[in-house]
Amino acid sequence: PQREVLTPRQREVLQLVAEGRAVKEIATTLNVSVKTVEYHKAQIMEQLNLHTTAELTKYAIAHGLIPP
């Protein structure tokens with residue numbers, strides 16, 4: 001499956017984004033900086049060719065990262 005292109009950390013970030021968490025909240029949860037979360041999010045979007053948070057959420061649901 002396509003999600004194998006993501007690192008475990010990227011999957012974690014994607015899951016939290018898809019759950020509707022704020023970047024600042026994700027940073028606190030993962031104990032990293034806001035810039036790091038934004039970097040991961042940008043990398044995920046580029047790798048998956050997605051352009052919005054809504055598309056990320058749809059991808060996460062479609063690939064079973066979060067329940068629908």
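**Figure 1. Three salt bridges in a predicted model.** By the distance rule used here, this predicted model holds three salt bridges. One of them links arginine 9 with glutamate 12. Another links arginine 21 with glutamate 19, and arginine 21 also pairs with glutamate 25. The next two views take these pairs in turn.

**Figure 2. Arginine 9 and glutamate 12 in helix H1.** How far apart are the closest N and O atoms of arginine 9 and glutamate 12? They lie 3.0 Å apart. To see how the two residues are placed, follow helix H1, which covers residues 8-18. Arginine 9 and glutamate 12 are three residues apart in this helix, so about one helical turn separates them.

**Figure 3. A network around arginine 21.** Start with arginine 21 and glutamate 19, whose closest N and O atoms are 3.3 Å apart. Then turn to glutamate 25, which forms a salt bridge with arginine 21 at 3.8 Å between the closest N and O atoms. Because these salt bridges share partners, Glu19, Arg21 and Glu25 belong to one network. Are these residues buried, exposed or in between? Arginine 21 is partly exposed at 30% relative accessible area, glutamate 19 is partly exposed at 40%, and glutamate 25 is partly exposed at 38%.

**Figure 4. The largest nonpolar core.** This view moves to a set of 19 residues that make up the largest nonpolar core. Which members touch the most other members? They are Val13, Leu14, Ile26, Ile44, Leu48, Leu56 and Ala60. Helices H1, H2, H3 (34-48) and H4 each give two or more residues to this core, and H1 gives the most, with five. As a general pattern, nonpolar side chains in soluble globular proteins tend to be buried together.

**Figure 5. Leucine 56 and its contacts.** Leucine 56 is one of the core residues that touch the most other members. Setting aside neighbours within four places in sequence, leucine 56 is in contact with Leu14, Val17, Lys41, Ile44, Met45 and Leu50.

**Figure 6. Confidence along the chain.** The chain averages a pLDDT of 92, and 94% of the residues score at least 70. Confidence is highest in helix H2 (residues 23-30), at a mean of 97, and lowest in helix H4 (residues 53-62), at 94.

Key:
Residues are numbered from 1 along each chain as its sequence is written. This is a predicted model: local features need pLDDT of at least 70, side-chain atom pairs count only at pLDDT 80 or more; totals for chains, interfaces and linings use all residues. Side-chain values use heavy atoms; hydrogens and water are left out. pLDDT is the predictor's confidence in each residue, from 0 to 100. Helices (H or I, at least four residues) and strands (E, at least two) are DSSP runs, numbered from the N terminus. A salt bridge is a side-chain nitrogen of Lys or Arg within 4 Å of a carboxyl oxygen of Asp or Glu. Buried means under 20% relative accessible area, exposed over 50%, partly exposed in between (1.4 Å probe, protein chains only). A nonpolar core is a set of buried Ala, Val, Leu, Ile, Met, Phe, Trp, Tyr and Cys residues joined through side-chain atoms within 4.5 Å. Contact means heavy atoms within 4.5 Å.
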